[in-house]
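Colleague: I have a new model open and would like to go through it with you. Could you take me through the helices and a few of the side chains?

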Amino acid sequence: MAHLDDIIARVDATIAAGVIAPMNELLIALSDDAALSREERYQQQQRLRVAIAHHGRHHREEAEHEAEARREHLTSGGTIL
């Protein structure tokens with residue numbers, strides 16, 4: 001179980017960092033990890049997939065909010081500034 005604990009800690013740290021590239025790299029690396037059972041590998045990969053999807057959704061929502069705020073600022077008073 002020590003290897004699984006190490007993998008879980010790596011996945012936790014990678015998710016906490018919130019950067020997509022390392023999440024994708026670890027997702028791929030887990031595919032080749034023969035020391036994990038198929039289910040253990042799937043569980044950790046799924047955690048990464050969910051974090052990646054959540055990260056993307058958060059950034060889309062943030063971008064939409066910023067675009068709306070920009071639009072409101074530019075059209076304040078009914079005229080484009």
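Modeller: Let me begin with the packing of α3, whose buried residues pack against α1 and α2. Please keep in mind throughout that this is a predicted model.

Colleague: Which residues of α3 are buried?

Modeller: The buried residues in α3 are E40, R41, Q44, Q45, L48, A51 and I52.

Colleague: And how does the span of α3 compare with what its 37 residues should give?

Modeller: The two agree, because at 1.5 Å a residue the 37 residues of α3 should span 54 Å, and the end C-alpha atoms are 54 Å apart.

Colleague: Let's stay with the glutamines for a moment. Is Q44 buried or exposed?

Modeller: Q44, which is found in helix α3, is buried, with a relative accessible area of 5%; the cut-off for buried is under 20%, so Q44 falls within it.

Colleague: What does Q44 touch, leaving aside its neighbours within four places in sequence?

Modeller: With those neighbours left aside, Q44 is in contact with I7, I8, V11 and L30.

Colleague: Which backbone oxygen lies 3.1 Å from a polar atom of the Q45 side chain?

Modeller: That is the backbone oxygen of L27.

Colleague: On to α1, then. How far does that helix reach?

Modeller: Helix α1 runs over residues 2-17, and its 16 residues reach 23 Å from the first C-alpha to the last, which is close to the 22 Å expected at 1.5 Å a residue.

Colleague: Which residues of α1 are buried, and which are exposed on the other side?

Modeller: L4, I7, V11 and T14 are the buried ones in α1. They cover an arc of only 90° around the axis, which puts them on the same side of α1. On the other side of α1, the exposed residues are A2, A16 and A17. The buried residues of α1 pack against α2, residues 20-31, and against α3.

Colleague: What happens just after α1?

Modeller: Just after that helix comes G18, which takes a positive phi of about 70°.

Colleague: You listed T14 as buried, so what is around it?

Modeller: T14 lies in helix α1 and counts as buried at 15% relative accessibility. A polar atom of the T14 side chain lies 2.7 Å from the backbone oxygen of R10. Not counting residues up to four places away in sequence, T14 touches V19, P22, M23, L26 and L48.

Colleague: Now the whole chain. How many helices and strands does it have?

Modeller: The secondary structure of the protein chain comes to 3 helices and 0 strands. The radius of gyration of the chain is 20 Å, well over the 12 Å that the globule rule gives for 81 residues, so the chain is more spread out than a compact globule.

Colleague: What box do the C-alpha atoms fill?

Modeller: Taken along the principal axes, the C-alpha atoms of the protein chain fill a box of roughly 65 × 15 × 15 Å.

Colleague: And how much is buried overall, and how much surface is there?

Modeller: Of the 81 residues, 21% count as buried. The accessible surface of the protein chain comes to about 5,900 Å², and 57% of that belongs to carbon and sulfur atoms.

Key:
Residues are numbered from 1 along each chain as its sequence is written. This is a predicted model: local features need pLDDT of at least 70, side-chain atom pairs count only at pLDDT 80 or more; totals for chains, interfaces and linings use all residues. Side-chain values use heavy atoms; hydrogens and water are left out. A polar contact is a pair of N or O atoms within 3.5 Å; within protein, one must be able to donate a hydrogen and the other to accept it, and residues adjacent in sequence count only if both atoms are side-chain atoms. Helices (H or I, at least four residues) and strands (E, at least two) are DSSP runs, numbered from the N terminus. Buried means under 20% relative accessible area, exposed over 50%, partly exposed in between (1.4 Å probe, protein chains only). Contact means heavy atoms within 4.5 Å. The expected span of a helix is 1.5 Å times one less than its number of residues. The arc is that of the directions from the helix axis to the C-beta atoms. The radius of gyration is taken over C-alpha atoms; the globule rule is 2.2 Å times the number of residues to the power 0.38. Accessible areas come from the Shrake-Rupley method with a 1.4 Å probe; for residues, only the protein chains shown count as cover.
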